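Me: I would like to learn how to read side-chain contacts in a structure. Could we go through one together?

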Amino acid sequence: MGKKRYSNRKVSLVETFNLRAIAAQVIHQVSHERKSLSSLLPPALEKVSGSDKGLLQEICFGVCRWHHKLQTIQRHFMVQPLGHLDIVIDSVILVGIYQLLEMRIPSHAAIFETVEAVDALKAGRLKGMVNGILRNVEREKEQWEEILADSDRYGDAFNYSHPRWIIDKLSNNWPDQWQDILYNNNQRPPMTLRVNTLKVTRDEYLEKLAKAEIEASATRYSPVGITLASPVDVSVLPEFDEGFVSVQDEAAQLCCELLDAPPKARILDTCAAPGGKTCAILERFPDAEVTAIDIDPMRVERINQNLERTQLTANVITGDAAEPDSWWDKQPFDRILLDAPCSATGVIRRHPDIKLLRQENDIVPLANLQLNLLETSWQMLKPGGKLVYATCSIFSQENSRIIERFINKQSDAALIPIDAEWGTTTPFGQQLFPEAGGHDGFFYACLKKSD
């Protein structure tokens, strides 16, 4: 598939309360206007009844997850592309195909309800076309599956449901693992908790979950992690509001073991929002003096909310980590965690709209930002101190190559090898890939500043 092109012209969307029409409009805004699901779903969910919220969310996430595969099927059956004013109907068709392939809704009901969405979007003249495409998808499944899976033009998009540039980049970076990475990106992620050991041990909380009839097990690598057999609303988690646990992926929990802070350490959490790692650091090192900084005021508020719920205290700053002169007190830090902004390609299974939002030309600017933040953070580190560099990316360009570039420029920086059972060792850090039922994709590197 060629590079995705986004139109600068916006389609006027219709006010509707038809669930599938709402889903189609959300998908359209993600794929054509580059808006995120996290920003679009809350107002969309307000338009449907409580019993339908789960269905709307499932369709929106599912269509994004399988978008490239669904789009390949759609194009196979489309006689000619839709005009600009009707382009939202493309997303209606994707919603219909997703229901036919991935949901337990009876085929006749899925087709009928999807065709009704065309009416709700004031495009009734296209109902026959949409109906015909969906019926052909259902009726001719064996034929089109074989054709598309073996297609030189569409095979990878159909088989892996990722944009071409991600497939190419991963196969180049990880020639032995790329297919597993793509497969796991398309799976539903587990719900993982981090136990606040200031309040309860992991074994004690597992007992609380068992009494609440919530099936769960200890994580493999994080000593404070618990993975639920099935996701639940946090409202049913025992003593969640009292801060006994937080929702956090196992890979992200590993940062505290790497920080290994001394008593009463000054610790900087850079790019800290929404505050999960800030709280994790305070739970692991309760006598530490922790500063958390993020540039986004709304996301900084999330840090404060998480601190309040867990009854922890940090120095929270709204500011630009790349410009420390505007906020830093010039007192060096013993430990710095730099969770750098990145492509987020390690968490695609949690945020499948990344496949549609992220572009290949985003990576170089991100890599330059990462290196700049690393160089700036280094100035604030005490001699003999440790900096942990982290991303939720699986691209070497944002990970090991950043560390290599930095070490080659910074004479007082030394790489600390990570001796761990988890991840894949690279020359400049440890790379985790998304695992089915396990952790997300993540990268860590540890650097020591010479005395």
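Me: Over which ring does the charged end of arginine 309 sit?

Reply: Keep in mind that this is a predicted model. The charged end of arginine 309 sits over the ring of phenylalanine 240, 4.0 Å from the ring centre. Another such case is lysine 69, which lies over the face of phenylalanine 158 at 5.1 Å from the ring centre.

Me: How many salt bridges does a search of the whole structure find?

Reply: A salt bridge needs a side-chain nitrogen of Lys or Arg within 4 Å of a carboxyl oxygen of Asp or Glu. The search of the whole structure finds 20 of them. One of these joins glutamate 58 and arginine 188, with the closest N and O atoms 2.9 Å apart.

Me: Which parts does the pair of glutamate 58 and arginine 188 tie together?

Reply: Glutamate 58 is in helix α3 and arginine 188 is in the loop between α11 and β1, so the pair ties together parts 130 residues apart in sequence.

Me: Is glutamate 58 buried or exposed?

Reply: Buried means under 20% relative accessible area, and exposed means over 50%. Glutamate 58 has 18% relative accessibility, so it counts as buried. Arginine 188, with a relative accessible area of 54%, is exposed.

Me: With which residue does aspartate 440 form a salt bridge?

Reply: Its partner is arginine 350, and the closest N and O atoms are 2.8 Å apart. This pair links distant parts of the chain, 90 residues apart: aspartate 440 is in the loop between β12 and β13, arginine 350 in the loop between β8 and α17. Aspartate 440 is buried at 3% relative accessible area, while arginine 350 is partly exposed at 24%. Both belong to a network of salt bridges that also links Asp249 and Arg349.

Me: What is the count of aromatic pairs?

Reply: Two rings pair if their centres lie within 6.5 Å. The count comes to eight aromatic pairs. Among them are tryptophan 144 and phenylalanine 158, 6.2 Å centre to centre. Their planes are 85° apart, and the pair is edge-to-face. Tryptophan 144 lies in helix α8 and phenylalanine 158 in helix α9, so the pair ties together parts 14 residues apart in sequence. Tryptophan 144 is buried, with 1% relative accessible area, and phenylalanine 158 is buried, with 7%.

Me: What angle lies between the planes of tryptophan 165 and phenylalanine 395?

Reply: The angle is 55°, and this pair is tilted, at 5.8 Å centre to centre. Tryptophan 165 is in helix α10 and phenylalanine 395 in the loop between β9 and α19, 230 residues apart.

Terms used: Residues are numbered from 1 along each chain as its sequence is written. This is a predicted model: local features need pLDDT of at least 70, side-chain atom pairs count only at pLDDT 80 or more; totals for chains, interfaces and linings use all residues. Side-chain values use heavy atoms; hydrogens and water are left out. Helices (H or I, at least four residues) and strands (E, at least two) are DSSP runs, numbered from the N terminus. Buried means under 20% relative accessible area, exposed over 50%, partly exposed in between (1.4 Å probe, protein chains only). Rings of Phe, Tyr and Trp (its six-membered ring) pair if their centres lie within 6.5 Å; planes under 30 degrees apart count as stacked, over 60 as edge-to-face and the rest as tilted. A charge sits over a ring if NZ of Lys or CZ of Arg is within 6 Å of the ring centre and within 35 degrees of the ring normal.
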